[in-house]
2 protein chains.
Amino acid sequence: MKIYVIGIGLIGGSLAKDFKKQLDNVTVFGVDLNEAHLNTALELGVVDQKATLKDVVHADCVIVSVPVDVSAVILEQVLDLVKGDTLVFDVGSTKYTICEKVKNHSNRRNFLAAHPIAGTEFSGPEAALEGLFDGKTNIICEVEKTAFKLQERALDMFNKIGMRIRYMDPVAHDKHIAYVSHLSHISSFMLGKTVIEKEQNERDIFDLAGSGFESTVRLAKSSPAMWTPIFKQNKQFVLESLKEYIDNLSNFKALLEDDSFEKVYDEMQNTNRIKEILNGISIKK
Amino acid sequence: MKIYVIGIGLIGGSLAKDFKKQLDNVTVFGVDLNEAHLNTALELGVVDQKATLKDVVHADCVIVSVPVDVSAVILEQVLDLVKGDTLVFDVGSTKYTICEKVKNHSNRRNFLAAHPIAGTEFSGPEAALEGLFDGKTNIICEVEKTAFKLQERALDMFNKIGMRIRYMDPVAHDKHIAYVSHLSHISSFMLGKTVIEKEQNERDIFDLAGSGFESTVRLAKSSPAMWTPIFKQNKQFVLESLKEYIDNLSNFKALLEDDSFEKVYDEMQNTNRIKEILNGISIKK
């Protein structure tokens, strides 16, 4: 199988590694505007050969794993080029815009809208990790719009790298993911900003920060080039979640100001049940 | 050496384990109002014997590791009882209140105000971890108010379990730690609250949450019984940090609303240097 990966970073590179390991007779072709990334991917063995966009005419499978503002554009070009039995899927963290963009494309049935819920805070081909998707969830949207044979091929591929499938409507996906993923990134970035602004002396952060700060601020290492277009495409739901988060913080602040410490205690105790929910996530891994 | 640990939870228990391992001839006596905790600690070998508060008269060292509202009260009782050469230290996440409370005590020189920057989101004697303090920072306040011989003994003990020492004024400690630790807990608790409120169906959180959400919300598992008194004692600095955090979030929200995505990008990029700061923390471990 000839797999073309467009955008050979953390997600595209990790998929390339896993498919090469878990499927038979796979050759991975890397396509990337960043020539340095492409060369690194080749040196690291993440891809077998370099290619260009127009080469996707030879593909059995095309993975579009570029920032979400670019992927809507690239996807149209890919669908213009591919053969009738080529599977094309994306991996973006927003699903409504891309589904809208290609809904009337004559090769819409070649496309599967996917969002593998996996990643790290790092980026680029060096960040590609074998086994990243094992036990994780892959959200698939508008599955009925993909040709049945290509659905089957995709499910087989995802299954072989250990992913569980969940089907969702693109709007529902974008709304839920705003809360469970996008908001976490904003909370982490702004926590990092608040601490950096205050602590002019980085030695103080270094000495005083424990594993708790490290954990909550980890996502503030994430790539702005990846996240800015996500926030742009999912603006309404991100704003909704951010407003509710700020309201909850402001309410907590008011409780502290009023010395309502019993209510402060209750707020925390009521949220403690996140333990059980997170245990579920850990088991999932 | 007879070490009495008052409050045999995560921190007291972990110190007990490490001191037993790293120092010669140590017997650890556990004191805890929670009889079940005390029995568990004994069964797990975290402590060697059970004891009561009045027994600290026999102690060479007393560790006060209870919630910060209780520790100021307990500490006075301990200082009333101990011998002239007994080292007493606390481990609380606030330092101004406890230093003020005992500043005129006739045995003030037996006391060392300490804050080992280490922990997990779990609590109770089962949470006690060997090696928890290795490579971590211990903040010591008002060291000049502790008898020199007892300073020496304390430093030797902390050194043997791998801790680095940093000296700070109690007010500076409380201010810095509000930003680098206390604020992280609030941001995490309120993130957990926002998501739980929205996602009535926990299955959705389970399926959609990745390691990013898990990391940012981890501290929302923490004990309300421990954290409520910390927020109460450090109210002014916690409020200050929380106000700045809310302001930063509100500013980010305004940038999104105005479609100022270049500035959104800049906000994230400027915060990315947390990477290097966190690398420092990781190296420290």
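Before anything else, a reminder to myself on naming: helices (H or I, at least four residues) and strands (E, at least two) are DSSP runs, numbered from the N terminus. Also for the record, this is a predicted model.

**Entry: Ile6(A)**

I started with Ile6(A), which sits in strand β1 (residues 2-6) of chain A. Buried or exposed? I get a relative accessible area of 4% for Ile6(A), and the cut-off for buried is under 20%, so I log Ile6(A) as buried. Next I looked up a distance across the sequence: Gly30(A) is 24 residues from Ile6(A) along the chain, and their C-alpha atoms are 6.3 Å apart. I then listed the contacts of Ile6(A), skipping neighbours within four places in sequence; among them are Val31(A), Leu53(A), Val56(A), Ile74(A) and Val78(A). Val62(A), Ile63(A), Val64(A), Ser65(A) and Val66(A) are also on that list.

**Entry: the core around Val62(A)**

Val62(A) turned up in the Ile6(A) contacts, and I followed it. Which residues touch the most other members of the largest nonpolar core? I find Val62(A) and Val62(B), in a core of 124 residues. Background I keep in mind here: in soluble globular proteins, nonpolar side chains tend to be buried together.

**Entry: chain A against chain B**

I moved on to the interface. How many residues of each chain are in contact with the other? I count 92 from chain A and 92 from chain B. General note: interface size is often quoted as the accessible area lost when the parts come together. For chain A and chain B the buried area is about 9,300 Å², with carbon and sulfur atoms giving 67% of that.

For the polar side, I have 39 residue pairs in polar contact between chain A and chain B, both residues at pLDDT 80 or more. Helix α6 (residues 170-198) of chain A gives the largest share of the side of chain A that touches chain B, with 20 residues. Sorted by class, that side of chain A has 41 nonpolar, 24 polar and 27 charged residues.

The salt bridge count between chain A and chain B is 12. I picked out Lys193(A) with Glu267(B), whose side chains meet at 2.9 Å, N to O.

**Entry: Asn272(A)**

Where does Asn272(A) sit? I place Asn272(A) in the loop between α11 (261-271) and α12 (274-284) of chain A. The relative accessible area of Asn272(A) is 12%, so Asn272(A) counts as buried. Its side chain reaches two backbone oxygens in chain B: that of Ala220(B) at 2.9 Å, and that of Ser222(B) at 3.0 Å. Beyond its neighbours within four places in sequence, Asn272(A) is in contact with Phe189(B), Ala220(B), Lys221(B), Ser222(B) and Pro224(B).

**Entry: salt bridges elsewhere**

Searching the whole structure, I get 44 salt bridges over all chains. The general idea is that side chains of opposite charge can pair when their charged atoms come close.

I looked at Glu130(A) with Lys21(A), where the closest N and O atoms are 2.9 Å apart. This pair links distant parts of the chain, 109 residues apart: Glu130(A) is in the loop between β6 (111-116) and β7 (137-141) of chain A, and Lys21(A) is in helix α1 (residues 10-22) of chain A. Glu130(A) is partly exposed at 48% relative accessible area, while Lys21(A) is exposed at 52%.

In chain B, Lys160(B) and Asp156(B) form a salt bridge at 3.1 Å, N to O. They are 4 residues apart in helix α5 (residues 148-160) of chain B, so about one helical turn separates them. I have Lys160(B) as partly exposed at 40%, and Asp156(B) as partly exposed at 36%.

Lys243(B) and Asp247(B) come to 2.6 Å between their closest N and O atoms. Both lie in helix α10 (residues 235-257) of chain B, 4 residues apart, about one turn of the helix. Lys243(B) is partly exposed at 44%, and Asp247(B) is partly exposed at 35%.

Key: Residues numbered from 1 in each chain as written. Chains lettered and ligands numbered in written order. Predicted model: local features only at pLDDT ≥ 70, side-chain atom pairs only at ≥ 80, totals over all residues. Heavy atoms only, no water. Contact = heavy atoms within 4.5 Å. Buried area = accessible area lost by both parts, 1.4 Å probe. Salt bridge = Lys/Arg side-chain N within 4 Å of Asp/Glu carboxyl O. Polar contact = N/O pair within 3.5 Å; in protein donor to acceptor, adjacent residues only side chain to side chain. Nonpolar A, V, L, I, M, F, W, Y, C, P; charged D, E, K, R; others polar. Core = buried A, V, L, I, M, F, W, Y, C linked by side-chain atoms within 4.5 Å. Buried < 20%, exposed > 50% of the residue type's maximum accessible area, 1.4 Å probe, protein only.
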